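Thanks for asking me to look this one over. Here are my notes, written to be read with the model open beside you.

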Amino acid sequence: MARNTPWIILLCKFSDDPGTTALRPISDYVSFFAGNGPESMPSYWRDMSYGELDLVTGTEVTPWLQLPQKRSDHTGLNTRGDLFRWAKEAGERFGVDFGRFFGAVAFFAVPTDLFGTASEPHVVCDVLSCPAQIVQEYGHAYGLDHSSSVRNPVDYENPVCSMSSMTFGGDDEIFRQVNPTFATTWGPAGPGLCSPYIRKLGWLTGARSVEVRSNGRYPTTTTLTLSPLGDRNPPHPQVAVIEFDKPKRGTCCIEYRRGGWDRGIFYNPIVIHEVREDERAYYAGMIRPAKANVPPGGVLPSVPAGKWYVDPQYDFSLEVQAASGDGASVTLRVAPAAAAGTLSLRSIAAAKLNLSGQYSVRSQVLAGGNGSLRGRLVELLGQ
Ligand SMILES: [Zn+2]
């Protein structure tokens, strides 16, 4: 059964509001904050949680509430607490029973501020805020921090996670040119959350998640098929998880992003994240079509088989084995990092099987498994 988290939406006007900002009819705000439509806040969180989170039932939107304060009374970070309190007091005067709601949104009729917090869960946004930003503030209310990247471990550096909107890092060469959002009537929306944060909120459960065996230093060579992270009823797992304790403790998550709230990420990448002991998600890298094959805003074929990723921190690599013709799944081989380089038959055979000698090495290696020589060497590396 879905967890119900009703919100109260406080539509707020300052006393000096000149009334010149074009506002929508109240019914539009009801649709956006309390409705089931494809662009609504409840739909985003329903989809991120695979139906586990209900933001529709019990959510209410007030009429425009007149605040006694002026816009100029809010001067910056130092008055954010006051700003929310003014909105809450206006709600109380209107008769809102805040005890009935999980959280509160203060939506301002003029450009004011944008933030969210988990303590007394609340979101402050305004007429300039777009869905890609507002979902991040809801994310804070549900307990998430900003996401980041391995290469530049500061806030907003994750190119494929809504907890890095609206800059999305620009960490990836393609993301410097395009943005992972898509256009809606409320402005840019998407992308979804990265898999570490969906996992942290407890929604990547059961068959949605698969663990890749590891000795703490490198993974056992494993072939697995992933469905897109956003699919509601996937035939395959949506995240592959590898635990490491060398060279440091960390968890790596592998996900495939395509369609739905991720449709702005039009080249459908396979993305690798690291979760550190601070429980934040760090973008580590991705496998995607070559830059030359990326038409701006165009539709791409699936990531081609044979493309590699080597992790910058941990001893592992990924190779795309196959992508289904309709892009509905990708098959990957997870292996130690050395599998991504040039494989020496003799050195691997000697180290792993104590084999030596002449032509017989090849046939002895192949005799131990199925498939190609290269595939067998990668397999041996992971043992
Ligand atoms: Zn934020």
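1. Ground rules. This is a predicted model, in which local features need pLDDT of at least 70 and side-chain atom pairs count only at pLDDT 80 or more, while totals for chains, interfaces and linings use all residues. Residues are numbered from 1 along each chain as its sequence is written, and side-chain values use heavy atoms, with hydrogens and water left out.

2. The whole protein. You will find 8 helices and 19 strands; these are DSSP runs, with helices being H or I of at least four residues and strands E of at least two, numbered from the N terminus. Of the 383 residues, 52% are buried, meaning under 20% relative accessible area with a 1.4 Å probe, protein chains only.

3. An open sheet. Look for 5 strands in the order S4-S2-S5-S7-S6, with mixed pairing; two strands pair if DSSP finds at least two bridges between them. S4 and S6 (115–117) are the edge strands, each with a single partner, so one side of each has no neighbour in the sheet. On average, neighbouring strands are turned by 15° against each other, direction ignored. S2 and S4 run parallel and are joined by 5 bridges, and Ile8 stands opposite Glu60 in S4.

4. Helices on the sheet. H1 lies across S2, S4, S5 and S7, at about 135° to S4. H4 also packs on the sheet, touching S2, S5, S6 and S7, and its direction makes about 20° with that of S6. Here axes are lines fitted to C-alpha atoms, for helices over the stretch in contact, and angles run from 0 to 180 degrees between N-to-C directions.

5. The buried face of H1. Which residues of H1 (residues 26–34) are buried? They are Tyr29, Phe32, Phe33 and Ala34. Seen down the axis of H1, these fall within an arc of 155°, so they line one face of the helix; the arc is that of the directions from the helix axis to the C-beta atoms. Their cover includes S2 (7–13), H2 (41–48) and H4 (131–141).

6. Leaving aside neighbours within four places in sequence, Gln69 is in contact with Phe14, Ser15 and Trp86.

Note on methods:
Buried < 20%, exposed > 50% of the residue type's maximum accessible area, 1.4 Å probe, protein only. Contact = heavy atoms within 4.5 Å.
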